[in-house]
Amino acid sequence: MVAALLLGMLLLCCCADNSPPDNDAQTLPELVIGSDYYEPFVYRDEYGNFAGIDVDLATEVCRNIGYAPKFVHIDWTEKKTLLESGEIDCLWGCFSVNGRETLYSWTLPYMNSIQVVAVPFDSDITSVADLEGKRLAVQSTTKPDEIFSSEAGEKDPSVPNLRRLDCFPDISYAFAAVNNGYVDAVAGHELVLRNYMQTSSAKLKILSDPLLEVQVGVAFLTGTHTDVIEKINQTLYLLKNNGYLTQLITNY
């Protein structure tokens with residue numbers, strides 16, 4: 001009886017030792033990434049999944065630094081509040097560094113982006129200067145919004161005085177406004193405008209003179225996530241040098 005009891009205890013111990021590892025031990029820490037829809041950088045594919053240049057890049061970076069990316073669609077005008085509340089860890093979606101250097105803790109820039117203006121194909125507007133007295137649509141809190149609505153822009157002689165500036169919470173509304181003739185032009189990132197022109201039946205043309213050239217990075221709440229930022233920087237450096245970044249952008 002004693003031998004049988006000891007054998008039973010041994011079997012129980014062996015079963016316990018061979019049990020699968022705790023799932024919690026295998027779970028990667030999450031990096032909660034906030035962005036609005038800004039195709040081709042961030043959007044939903046035909047299956048409802050997040051897709052785009054920044055989604056693919058963030059996924060690859062997180063794979064290298066040992067994090068699980070969690071993408072969250074946000075109201076872009078509330079981005080700073082969401083960072084401060086801790087609902088998201090960072091902003092990753094074609095977010096330009098220029099002019100915002102002290103507002104966030106940034107990774108190194110990973111891409112250059114040009115801000116441009118697009119007008120209907122039959123428009124007589126041929127340059128940015130021709131926007132004088134015209135109606136322009138932009139997405140709220142983006143660089144074009146800052147250029148035309150800030151005091152600095154008003155004092156800059158190279159910035160035309162608009163008849164009206166319409167600011168929308170989503171770039172798709174700005175496209176709808178120019179397509180329906182509510183405004184004379186729309187301004188935004190060149191890749192975003194070109195992507196829209198390729199996928200839409202709307203006939204637009206991009207003005208030859210750009211508004212601004214900016215650098216794009218990942219933004220965290222000031223003074224936070226310093227270790228994560230350093231890991232992201234190291235990975236971005238590697239992905240730039242091994243050709244991944246160039247190939248990624250080319251694919252889109």
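**Entry 1: Thr141.** I looked up Thr141 and found a relative accessibility of 25%, so Thr141 counts as partly exposed. The model is predicted, and I keep that in mind throughout. Thr141 lies in the loop between strand 8 and helix 5, the helix of residues 143-149. I then checked its backbone. Phi of Thr141 is near 65°, a positive value in a residue other than glycine.

**Entry 2: Cys94.** I turned to another positive phi. Cys94 is not a glycine, yet its phi is about 55°. I placed Cys94 in strand 5, residues 90-96. Is Cys94 buried or exposed? Its relative accessibility is 5%, and buried means under 20%, so Cys94 counts as buried.

**Entry 3: Pro40.** Next I looked at a peptide bond. Glu39 and Pro40 are joined by a cis peptide bond, with omega of about 15°. I found Pro40 in the loop between strand 1 (30-35) and strand 2 (43-44).

**Entry 4: helix 7.** I went through helix 7, residues 171-179, for buried residues. I noted Ile171, Ala174, Phe175, Ala177 and Val178 as buried. They span an arc of only 160° around the axis, so they sit on the same side of helix 7. What do these buried residues pack against? I listed strand 7 (111-120), strand 8 (135-139), strand 9 (164-168), strand 10 (185-189), helix 8 (190-199) and strand 11 (204-206).

**Entry 5: helices 3 and 9.** I wanted the geometry of this pair. Two packed helices are described by the angle between their axes and the distance between the axes. Helix 3 covers residues 53-65 and helix 9 covers residues 226-241. Their axes come within 10 Å and cross at roughly 110°. That angle falls in the range 65 to 115, so helix 3 is roughly perpendicular to helix 9. I recorded the crossing as right-handed.

Which residues meet there? From helix 3 I listed Leu57, Glu60, Val61, Asn64 and Ile65. From helix 9 I listed Val228, Lys231, Ile232, Thr235, Leu236 and Leu239. By class, this contact has 7 nonpolar, 2 polar and 2 charged residues.

**Entry 6: Asn233.** I stayed in helix 9 for Asn233. Its relative accessibility is 12%, so Asn233 counts as buried. What does Asn233 touch, leaving aside its neighbours within four places in sequence? I found Asn233 in contact with Thr107 and Leu108.

Note on methods
Residues are numbered from 1 along each chain as its sequence is written. This is a predicted model: local features need pLDDT of at least 70, side-chain atom pairs count only at pLDDT 80 or more; totals for chains, interfaces and linings use all residues. Side-chain values use heavy atoms; hydrogens and water are left out. Axes are lines fitted to C-alpha atoms, for helices over the stretch in contact, and angles run from 0 to 180 degrees between N-to-C directions. Helices (H or I, at least four residues) and strands (E, at least two) are DSSP runs, numbered from the N terminus. Angles under 35 degrees count as roughly parallel, over 145 as roughly antiparallel, 65 to 115 as roughly perpendicular and the rest as oblique. A crossing is left-handed if the near helix is turned anticlockwise from the far one by less than a right angle, and right-handed if clockwise. Contact means heavy atoms within 4.5 Å. Ala, Val, Leu, Ile, Met, Phe, Trp, Tyr, Cys and Pro count as nonpolar, Asp, Glu, Lys and Arg as charged, and the others, Gly among them, as polar. Buried means under 20% relative accessible area, exposed over 50%, partly exposed in between (1.4 Å probe, protein chains only). The arc is that of the directions from the helix axis to the C-beta atoms.
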